[in-house]
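Me: I want to know what stands behind the labels on this model. Let us take them one by one.
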Amino acid sequence: PTQTDTKLEVENSPNTTQSGDVKIDRGASVKGIPAYGFTRDLGTNESISIYLDRAEIQSRKNSLLWSILGISVVGIVLAIVLAFLIGGSITKPLQTLMNDIQVISGGNFDHRPAARSRDELGIVARLLGDMATGLKSAQEVWLENQGRKHDLDIAKEIQENLLPKHVPRIAGYDVSAYYSPSKEVGGDYYDFFLVDKTHLGMICADVSGKGIPGSMVMMMAKALVSYEAQDNLSPRDIFCKVNRTLAKDIKRGMVVTAFYLLLDIPTARLTVASAGHTPLLLYRAATTQCAEVNPGVIALGVDKHGRLFERNMKAAVLQLPRGHRAVRYTYGYTYAMRATGDAIG
């Protein structure tokens with residue numbers, strides 16, 4: 001009980017909804033003040049009603065919305081900043097690695113990636129550095145091989161220029177030659193030269209070893225044979241003189257095998273001498289048989305003093321009737337293999 005009586009004037013509106021056992025009046029008014037009314041029936045003809053100031057609720061609602069909006073904006077800004085920070089920490093190493101790849105792929109094999117982390121990017125960076133090291137080594141080998149190839153091309157050109165450009169044309173004889181160079185510069189060579197008006201000198205030789213050293217020894221042997229064969233009708237004497245000079249200057253372990261033929265053009269007589277070379281094949285037309293002729297077994301340059309070489313150096317004289325054929329060759333033919341791997345011989 002109170003000493004003051006209060007009269008509450010409530011105006012209900014038809015905008016009433018039911019939520020469970022609570023009636024909600026969204027258009028109520030208390031003393032002319034818009035309000036929300038919430039009424040619950042307690043039974044026994046009793047009920048309880050609560051009215052809330054609509055303007056106050058709207059103000060609180062607006063304040064809450066602005067708070068949520070502010071928090072959302074701040075959250076979005078923070079999220080963007082964090083995304084840039086986190087994304088930068090991920091993409092920056094990737095960008096750095098991409099730059100490293102571009103530098104190395106551009107030919108700078110001395111460049112090394114800057115990434116040193118222990119994650120996958122660090123592993124890729126280390127592998128990229130190892131690849132750059134390997135490419136650097138390969139580049140150095142390639143440049144070195146290019147220099148060698150240039151030297152070999154020059155030596156090969158010199159060697160081919162030293163070979164006779166044409167075979168001699170002699171009435172009554174058929175003289176021909178075939179030369180097939182290997183990929184490397186070698187020491188095989190052949191030559192024709194007129195010793196005098198009635199004698200044709202022919203030589204077929206092979207220097208042990210390949211490359212520039214073999215080519216140089218070949219040129220030296222060719223020069224010596226050409227010099228000693230001038231007006232000299234003794235193949236044995238030519239080889240003995242060449243061996244005396246060549247044995248002094250030739251590199252240890254290198255030898256020259258050679259076969260010299262001297263053709264007496266009017267008489268069809270062939271005088272031959274061999275310095276450890278493959279035998280001469282002589283085809284006899286009358287019997288259609290081939291015979292091997294090999295009067296010498298010691299190569300040029302083996303005997304430094306020359307006494308053993310000169311003691312064993314011999315010459316052979318052959319007659320070439322019409323239809324006979326003499327064939328000379330180097331070891332390239334005897335080393336040739338069939339597809340089955342057997343030597344052709």
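Reply: Two strands pair if DSSP finds at least two bridges between them. The model is predicted. β4 (residues 33–43) and β5 (residues 46–53) have eight bridges, in the antiparallel sense.

Me: What stands opposite Tyr36?
Reply: Leu52 in β5 does. In the hairpin of β4 and β5, two residues lie between the strands. Thr44 takes a positive phi there, near 50°.

Me: Why is Thr330 called buried?
Reply: Buried means under 20% relative accessible area. Thr330 has 12% relative accessibility, so Thr330 counts as buried. Its place is the loop between β13 (325–327) and α6 (331–334).

Me: What makes the link between the side chains of Thr330 and Asp188 a polar contact?
Reply: The limit for such a pair of N or O atoms is within 3.5 Å. The side chains of Thr330 and Asp188 are joined at 3.1 Å. Leaving aside neighbours within four places in sequence, Thr330 is also in contact with Cys204, Ala205, Asp206 and His277.

Me: How is the span of helix α2 judged against what is expected?
Reply: The expectation is 1.5 Å times one less than the number of residues. Helix α2 (residues 120–162) has 43 residues, and 63 Å is expected. From first C-alpha to last, α2 reaches 62 Å, which is close to that value.

Me: Which residues of α2 are buried?
Reply: They are Gly122, Ala125, Leu128, Gly129, Ala132, Ala155 and Gln159. An α-helix has 3.6 residues a turn, so residues three or four places apart point the same way.

Me: Why are β6 and β12 said to stand at the edges?
Reply: Five strands form an open sheet, in the order β6-β7-β8-β9-β12, with antiparallel pairing. β6 (189–196) and β12 each have a single partner strand, so one side of each has no neighbour in the sheet. The twist averages 20° from one strand to the next.

Me: Which residues form the covered face of β12?
Reply: Ala316 and Leu318 form the covered face. Ala315, Val317 and Gln319 form the uncovered one. In a regular strand the side chains alternate between the two faces of the sheet.

Technical notes: Residues numbered from 1 in each chain as written. Predicted model: local features only at pLDDT ≥ 70, side-chain atom pairs only at ≥ 80, totals over all residues. Heavy atoms only, no water. Helix = DSSP H or I, 4+ residues; strand = E, 2+ residues; numbered from the N terminus. Buried < 20%, exposed > 50% of the residue type's maximum accessible area, 1.4 Å probe, protein only. Polar contact = N/O pair within 3.5 Å; in protein donor to acceptor, adjacent residues only side chain to side chain. Contact = heavy atoms within 4.5 Å. Axes fitted to C-alpha atoms, helices over the stretch in contact; angles between N-to-C directions.
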